[in-house]
Amino acid sequence: MVSSVLSSAPRATDGAAAAFALKTEKVSRSFGPTRVLHDVSFSVPVGDSRALVGRNGAGKSTLVAIVTGMLSPSAGVVELAGLPAPALGDRAAWRERVACVYQRWTVIPTLTVAENLYLNSQPRNRLGLIGWNRLREQARATLAEWGLDVEPDLMASRLTVEQRQIVEIGRALLQGSRLLILDEPTAELERREVHRLFDRIRHLQQSGVTFIYISHHLEEIYEICRSVTVLRDGLLVADAPLGDMPKGALVQAMVGAAAGAARAAPVGRETVGPAALTVKDLAIGTLVQDVSFNLQPGECMGLAGLAGSGKEEIGEAIIGLRRYKGLIQTAQPGDRIGYVPRDRHERGILPQLSIAENLTVTVTDSFGRFGFISPRRQNDRASALVRSLGIVSASLKQPISELSGGNQQKGLMGRALASAPKVLVLVSPTQGVDIASKEALFGIVAKAQAEGAAVLIISDDLDELAVCDRVQVIFRGRLTRQFGRDRNDEDIVAAIEGLEEEQHG
Ligand SMILES: Nc1ncnc2c1ncn2[C@@H]1O[C@H](COP(=O)(O)OP(=O)(O)OP(=O)(O)O)[C@@H](O)[C@H]1O
C-alpha cells in the first residue's frame, strides 16, 4: 500500500481540491532571437498520465524546465494544483509541488539511501535536530511500500539503475510533490525493470499522483499513458486522449507535413573478400570470454545483450579504450573506426565547442596543411553534415550544449561519419532521438553501408536491431546465439534475457 506514505508526506495544497495538477496559459519562451515555445496552453487533470511528445528540438525540455521552476517563461502563466506557480527562486515551494526525474541521476552516491530520500527535507525533532532514527524508520516504510528490497543504510553508490530511479521517485513523493515528470525513464532500464516501473506508475496513479511522461518510444506511451500532448516547433499541435489518437495520427502530428524518411531495408551481403573487422578469441578481464566474429564491408551486425553482458566493453576494446586479449584487426592497419558512445554527456560531445567544431574535430587534418584549418572548408563539411542529418540549430557557431538532446546525438553520429570510416561502432545510437529522426539516422547508416562501411550496432533496442543484417546475442560475456534475416523479436528478447540458457540449465 502506498497511501500511508502519501498521506504522511508534507503537502503543499490539498490536491483533491484542485481539478488540475498542472495548467499553462499561453506560455512562451525565447532564447535570444529564437522563440522555442509559442503560446502553449494545456492542462493535466489530477491523476492523469500524460505523454509529452515531439521531435528533437520541439521544446519538451524547455516546457518541463518552465513548469518545474528551472526557467522562467518569457510570457504566460503556470498553475500547479490550482495555485499560481511559486517565485522562481523559491526552490522548496517548487519541490513540494512538482518534480522531474531526469535520465541523469541526482542521487548522491556518497550518501545512504535514507539520506538521499530525505535530502532537503530531513525530519527534525523538537530541538530542531535531525532525527536519524525516525529518518531510517520512515525510509524503511517508504521502501517497503515501493516493494524495494534495499537497506536504508546502504550507500547509494551500490544501487542498481532501477533502484536509483525508485529513490528519486520516492524522494519527490516525500517532499510532497504529487506531480511527477518522468523524462525518458526507461532509457537505461532492462525490459523486466520497465514492466516493474509501469506497475509502480499505475499503483501511484490510483493514489492520486499525476504523471507527465516523456519518451520517444511510442509503444510505451500507449501502454502507460491515458492522454497525450504533442509539441511541434514550439507549438502545441495536439492534445487528446490516446484512445482518440492512433499511432499514425500521433506521428503525423509530431512530424507535420514532412513525412518521415523511409527506412532502408537491410541489404544482404555476400561474405567474400577480407573482413573489414576481425575479432578473434577476444577476452576482456573476467567480463568477456571467447568472442569471435567478422564484419564484412557493407555489412551491419547487431550485438545485443543486457546491461553488464559485456557488449559495450567489446565496442570499447574495438576502438582501443580497453585492454583485451585476443585479436582485433581492421582490413588495413590504418583503417579508421568511427564511434558513437552511449553516454554523450560523459564521453561524447565537447560542450564548449560549436556544432561545426564538434562535427569535424576528428578530421581537421583534412582542412589545411601545417596545422592551419580553413574555416570555409570546415564549415562546408559541417553544414553538409547538419543538412544530411537534419540537425536543428540556430547556426553552425552555436555551442553544441545548447542543442536539444536528440540533436546532440545526431551531432555525434555526424562526427563518427565525418572521417569516412571503414568500420562504424554505434552504441545505442538512436537513444533519445525522435521517431522521424531515428528513421533519418537509419538512412544514414544504410548509406554508409552502401559506401562500404562495416557497421556494428551495440544495442538491445529492437528498432535498432531491426536494421541489422544479422544479430549476435551476448549473455554473461559469451556469444550465445546468432540470428539471420528470418528472425523475430520474441526470440531475440528471449536470447537477450538468457531465457534459453536458463532452460538448458
Ligand atoms: N540555452 C539555450 N540557448 C539557445 N537555444 C536553446 C537553449 N536551450 C534550448 N534551446 C533550443 O530550443 C529548442 C528546443 O529545445 P528542447 O531541449 O526544449 O527540445 P526537446 O523537445 O526537449 O528535444 P529532445 O527530444 O531532443 O530532447 C532547440 O532548438 C534548442 O536548440
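Modeller: Strands are taken to pair where DSSP finds at least two bridges between them. Helices (H or I, at least four residues) and strands (E, at least two) are DSSP runs, numbered from the N terminus. The model is predicted, so local features need pLDDT of at least 70 and side-chain atom pairs pLDDT 80 or more, while totals for chains, interfaces and linings use all residues. Residue numbers start from 1 along each chain as its sequence is written.

The ligand has 19 residues around it, and the closest are Phe31, Asn56, Ser61, Ser404 and Gly406; a residue belongs here if its C-beta atom, placed from the backbone, lies within 6 Å of the molecule. Three elements each supply at least two residues of this shell: β2 (34–45), α2 (60–67) and α14 (405–418). I take them in that order.

The partner of β2 is strand β1 (residues 20–31), with the two running antiparallel over eight bridges. Ser30 stands opposite Arg35 of β2. The hairpin of β1 and β2 has two residues between the strands, and within this hairpin Gly32 takes a positive phi near 55°. Strand β1 is also joined to strand β4 (residues 75–80), again in the antiparallel sense, by five bridges. In that pairing Thr24 has Val78 of β4 as its bridge partner.

Helix α2 is mostly covered, with six of its eight residues buried; buried residues have 20 or more other C-beta atoms within 10 Å of their own, exposed ones 12 or fewer, partly exposed ones a number in between, with C-beta atoms placed from the backbone. The six are Lys60, Ser61, Thr62, Leu63, Ile66 and Val67.

Contact here means C-beta atoms, placed from the backbone, within 7 Å.

The sheet under discussion is open and has six strands, ordered β15-β16-β17-β13-β18-β19, with mixed pairing. Its edges are β15 (337–340) and β19 (478–483); each has a single partner strand, so one side of each is left without a neighbour in the sheet. From one strand to the next the twist averages 20°. Strand β16 (residues 423–427) runs parallel to strand β17 (residues 454–458), and five bridges join them. One of these positions is Val423, whose bridge partner in β17 is Ala454.

Another open sheet of six strands has the order β6-β7-β8-β3-β9-β10, and its pairing is mixed. Here β6 (98–101) and β10 (235–241) are the edge strands, each pairing on one side only. The twist from strand to strand averages 20°. Strand β6 pairs with strand β7 (residues 179–183) in the parallel sense, over four bridges, and Ala99 stands opposite Leu180 of β7.

One further residue, Arg136, sits in helix α5 (residues 132–145). Arg136 counts as partly exposed because 19 C-beta neighbours lie inside 10 Å. Apart from neighbours within four places in sequence, Arg136 is in contact with Ala114 and Pro152. Glu151 is 15 residues away from Arg136 along the chain, and their C-alpha atoms are separated by 9.3 Å.

For the wider setting, an automatic or database assignment divides the protein chain into domain 1 (3–255) and domain 2 (277–336 + 420–503). Taken over C-alpha atoms, the domain centres are 34 Å apart. In the contacts between them, 11 residues of domain 1 meet 11 residues of domain 2. Helix α9 (residues 247–255) gives the most to the domain 1 side, with three residues. The protein chain as a whole has 18 helices and 19 strands, and 42% of its 505 residues count as buried. Of its contacts with a separation of 6 or more, 71% link residues 24 or more positions apart.

How values were computed. Two residues are in contact if their C-beta atoms, placed from the backbone, lie within 7 Å. Axes are lines fitted to C-alpha atoms, for helices over the stretch in contact, and angles run from 0 to 180 degrees between N-to-C directions.
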